[in-house]
Amino acid sequence: MSRALIEARGLCKRFGHVEALAGLDLTLNAGECLALLGPNGAGKSTLLRIIAGLARPSDGSLSIDGAAAHERTARRRIGYIGHASLLYPELSARENLIFAGRLYEVADPHGRADQLLSEEGLGDVGQRPVSGFSRGMAQRIAIARGLVHEPDVLLLDEPFTGLDRRAARRLENRLDALRQTGHTLILVTHDVASAARLAQHVLVLSEGRTVHESRGPLEPEALERIYVDALEDAP
Amino acid sequence: MLRGSGAVLAVMLVTSSWLVIQAPLDAMQGVIQKILYVHVPCAFASYAGFFLTALGSGLYLWKREDRYDRLALAGAEVGVVFCTLTLVSGPIWAKGTWGQWWVWDPRLTVTLLLWFLYLAYLLLRSFTEGSERTARFAAVYGLMGSLAIPLNYYAIELFGGSAMHPDNLERGSLGQGMGLPFLMSVLTGLVAVWYLVVARLDLENLRLQSAARLGGYPRT
Amino acid sequence: MRVAAAIFWKDLLIEWRSRDRVVAMLLFSLLTVMVFHFSLPGGATAKTQAMAPGLLWIAYVFSALFGLGRSFSLELENDALSGLALAPTDRGWILLGKVSANLVILGVAQAVTALVFALVFDLTLLPVAPAFAGIVLLGSLGLCTVGTFFSAIAVQTRFREVMLPLLLLPVLWPLLLAAVRATSALLAGEEVPSEAIQLLIVSDATYLIVSFLSFDFILDD
């Protein structure tokens, strides 16, 4: 049996007296797509940030392919797309991608930036400052930024928020393509329909704890029912 | 621990006060010289407080246990009080003996800087949100501050103003009969720090317990 | 190391696009010089010339406070700071990248201020210009190191504009003292005391090493 890619045991995170995570266990295998659902404040973003190495747990352990999450080897394998775009508005899309490439010490940052821009179909707007971009376009650059170093694990925090239907569909196809090429994805979302289409592993969180976990493909209605039931039963 | 240290402090306060009153008057300065028995212990107490803050800060960053952060905070709160007393009692003595309220002497300036460091430390704690982040930032500043002290002292030694502050910490530099009261008052000062820090830590523990109970989260 | 270089160029590029920091710092220093000049009676006399080094460094510190605060506040937009924290490198390099960019930006403002100061206070700057630049560089290195480090802290607290000077000035004092003494001696045509240079180097090295090693604690959450 191969070792799980991401392994969390008893993860706790306290902010003062608030327990954002209260003892969470997670086992994620390579190539899986995990959907993290739950009400606001359930601890989903906190969990994602800890996996990304942006925050340290107060208690418990987390390993990414055997290494602790905040170590450099782990950070190199992870791409993080958060609520905010992580982009500098004063710089162009291309400059932002080149900078991100340099942060990850990518071999050819300029070439990689051009490649990502053309993959996204944004080659012609690459020179424009990001401050002028719409939410959908900025989101696409943010995702390109997350992929600049070719990570095998991708963490996405509510990527569908604020996207119109066409942009959401495009994003879903993008994520599906990534899943099929063997990337491991963790998706925090309120969009149950997209989650059902993309994920085979679902975790529902409430108040820092797991209230439901399931593996296997799901119909959107089934997932919706599970989600609602789990939240009603939650403490 | 609180009652024990309180009892010791009470005894020492009484003993020191009696000894100080009994102590002979200084030939040159007269009765105002007795401020020495308050001023010097306060100075030592403020250094002790800062030492505890630096110690707590270092231990917190190493072990990440909240109790070390509480120690650092207690050390700072107690230390700043004694530092203020030092800065108040000093000029009173100075005006009485040198005729000036203040000079830019190394020891005075370093004590003033220590006071500013304390204040900055405490203000940093008030203005940071989130107790874990507060503890982390304060600990880092506490350590940076403790580096600044020796650098400051050296700088002012080299370039500062006149060295008017009595530099006599050798034996026999005090007059006859002043050694014992002096020693006792210094020890009293340090015991006072001990007592106050323990009291502050107790207070903090009570505060956390009641907050946890009100918030409904289990106490870890 | 390359990460530091990337951040260095990125900060300078952003500054070049808007030029807001360097212009603000420059205006601030010049205003300070003017205020000093007006408030000192009799123009450029021996007395005011003796005070000039201290006043110059006050102008430098004030304008640095102005510009250093912005160093990390520009990272708050779109949570770019998290973007930096994600980089798989020792986080101290992030600090060094920003310190070097700040040195350059501050340096530009400092150079112009020095010229204006020399004019207003009738100082003989040109013959000692290289040594002067050296002293200012040593002093500013410490100033920017601690200033950038505390700016990263201040930007994550309330009242960040107040927090930075509060944290910075007590720690900066020895550096300032040494810098002013060295500058004084230089401009008066005397030999610069070697203890001053020693103190500058020791302070700079201490603060650089400690800041580099502790920067991880500032970005961790």
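1. Chain B first: its secondary structure comes to 6 helices and 0 strands, and from the N terminus on the elements simply run α-α-α-α-α-α. Helices (H or I, at least four residues) and strands (E, at least two) are DSSP runs, numbered from the N terminus. Keep in mind that this is a predicted model, where local features need pLDDT of at least 70 and side-chain atom pairs count only at pLDDT 80 or more, while totals for chains, interfaces and linings use all residues. Residues are numbered from 1 along each chain as its sequence is written, with chains lettered from A and ligands numbered from 1 in the order in which they are written.

2. A contact here needs C-beta atoms, placed from the backbone, within 7 Å.

3. Now the B and C pairing. The contact takes 26 residues from chain B and 23 residues from chain C. On the chain B side, α4 (106-127) and α5 (131-159) each supply at least two residues, and α5(B) has the largest share, 16 residues. By class, that side of chain B has 20 nonpolar, 3 polar and 3 charged residues. For the classes, Ala, Val, Leu, Ile, Met, Phe, Trp, Tyr, Cys and Pro count as nonpolar, Asp, Glu, Lys and Arg as charged, and the others, Gly among them, as polar.

4. Between chains A and B, the contact takes 4 residues from chain A and 7 residues from chain B. The chain A side splits into 1 nonpolar, 2 polar and 1 charged residues.

5. Chain A has an open sheet of 6 strands, in the order β6-β7-β8-β3-β9-β10, with mixed pairing. Its edge strands are β6 (78-81) and β10 (209-215), each pairing on one side only. Neighbouring strands of this sheet are turned by 15° against each other on average, direction ignored. Two strands pair if DSSP finds at least two bridges between them. As for the angles, axes are lines fitted to C-alpha atoms, for helices over the stretch in contact, and angles run from 0 to 180 degrees between N-to-C directions.

6. β6(A) and β7(A) pair in the parallel sense over 4 bridges, with A:Val153 as the bridge partner of A:Ile78. On to β8(A): residues 153-157 (β7) and 184-188 (β8) of chain A pair in the parallel sense over 5 bridges. Here A:Val153 has A:Thr184 as its bridge partner, and A:Leu155 has A:Ile186.

7. Why is β7(A) largely enclosed by the rest of the structure? Because 5 of the 5 residues of β7(A) are buried. Both faces are covered: A:Val153, A:Leu155 and A:Asp157 are buried on one side, A:Leu154 and A:Leu156 on the other. Helix α5 (residues 135-147) of chain A lies across β6 and β7 of chain A, running at about 160° to β6(A).

8. There is also an open sheet of 4 strands in chain A, with order β2-β1-β4-β5 and antiparallel pairing. At its edges stand β2 (18-28) and β5 (67-68), each with a single partner strand, so one side of each is left without a neighbour in the sheet. β4 (residues 59-64) and β5 of chain A pair in the antiparallel sense over 2 bridges, and A:Ser63 has A:Ala68 in β5(A) as its bridge partner.

9. Over in chain C, helices α7 (residues 160-187) and α8 (residues 194-219) pack at an angle of about 145°, with their axes 9 Å apart. Residues that meet include C:Pro174, C:Leu175 and C:Ala178 in α7(C), and C:Ala196, C:Ile197 and C:Leu199 in α8(C). The contact divides into 9 nonpolar, 1 polar and 1 charged residues.

10. Finally, the largest nonpolar core has 193 residues, and those with the most contacts inside it are A:Leu34, A:Leu36, A:Ile51, A:Leu155, A:Leu187 and C:Leu167. Such a core is a set of buried Ala, Val, Leu, Ile, Met, Phe, Trp, Tyr and Cys residues joined through C-beta atoms within 7 Å. α7(C) gives the most to this core, with 15 residues. Not counting residues up to four places away in sequence, A:Leu36 touches A:Lys44, A:Leu47, A:Ile186, A:Leu187, A:Val188, A:Leu203 and A:Leu205.

How values were computed. Two residues are in contact if their C-beta atoms, placed from the backbone, lie within 7 Å. A residue is buried if 20 or more other C-beta atoms lie within 10 Å of its own, exposed if 12 or fewer, and partly exposed in between; C-beta atoms are placed from the backbone.
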